[in-house]
Amino acid sequence: MFTIPVLDIKSDPLDVLLAVVGYRLSMLADSKDEDIQKLFADRQVTIEIGSKESDVARYFKFDNGDFKQYSGHADDADLTITFNDSMTGVKLLTKGSLPAFMTAVQNGELNIEGDYSLMMWFNKLAKHLVPTVPEQYEPYVQKIKPYAYKAQQFANHWVGVAKHKLGK
């Protein structure tokens, strides 16, 4: 049985996404899948991801197969990814494209400091974040997609209204 640890999660969309990513990474760290275990093995790294605009940050510690996530800034991250704003972070992270990250760096939308090779490693790990849907449930997923899209559009509209009202 899975239990969700109590985490310091802010209402910022990037922090929520990172907390969920951290939760999924903790599940992967406990996985019996050999390919996933190889990705976690022999790594002692800290990766911090955050937003400059909202001063939100979360860091992930990988320690020879063990994994932990923390809210806030790391004292000594091996790789730090700082987005200019949270929504840019959410868009790029959910896109999951390493070339999009590099383009964003060139456009000044994010800053990367530290060991760039960890980007490649983390990208391999990130491919396992979204679990595969069992074949028998795929028809249900296809039925719900239009509703999820409408909900996303609705949420985007109201986030835009709130930003406008707040002068952002």
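Predicted model: local features only at pLDDT ≥ 70, side-chain atom pairs only at ≥ 80, totals over all residues.
**Entry 1: F83**

I started with F83 and found it in strand β4, which covers residues 79-83. Is F83 buried or exposed? I looked up its relative accessible area, which is 0%, so F83 is buried, as the cut-off for that word is under 20%.

Next I asked which residues F83 touches, leaving aside those up to four places away in sequence. My list includes L14, I49, F101 and L110. T88, G89, L92 and L93 are also among them.

I also checked F83 against F40, which sits 43 residues apart from it along the chain. Their C-alpha atoms are separated by 25 Å.

**Entry 2: helix α1**

L14, one of the contacts of F83, took me to α1, where L14 is buried. Other buried residues in this helix include L18, V21, L25 and L28.

I then looked at the ends of α1. It has 17 residues and reaches 24 Å from its first C-alpha to its last, close to the 24 Å expected. What caps the N-terminal end? I found D12 there, with a side-chain oxygen 3.0 Å from the backbone nitrogen of L14.

**Entry 3: the largest pocket**

My last stop was the largest pocket, which holds about 490 Å³ of space. Of its 22 lining residues, L93, T94, G96, A126 and L129 are the closest to the centre. The elements giving two or more residues to the lining are α1, α3, α4 and α5.

Which element gives the most? I was pleased to meet α1 again, with 5 residues. By class, I noted 15 nonpolar, 4 polar and 3 charged residues in the lining.

Terms used:
Residues numbered from 1 in each chain as written. Heavy atoms only, no water. Helix = DSSP H or I, 4+ residues; strand = E, 2+ residues; numbered from the N terminus. Buried < 20%, exposed > 50% of the residue type's maximum accessible area, 1.4 Å probe, protein only. Contact = heavy atoms within 4.5 Å. 1 Å grid on protein atoms, 1.4 Å probe; cavity = no way out; pocket = protein on both sides within 12 Å on 5 of 7 lines; lining within 4 Å. Points joined across faces, edges and corners; volume = space filled by probe spheres on them. Nonpolar A, V, L, I, M, F, W, Y, C, P; charged D, E, K, R; others polar. Expected span 1.5 Å × (residues − 1). Polar contact = N/O pair within 3.5 Å; in protein donor to acceptor, adjacent residues only side chain to side chain.
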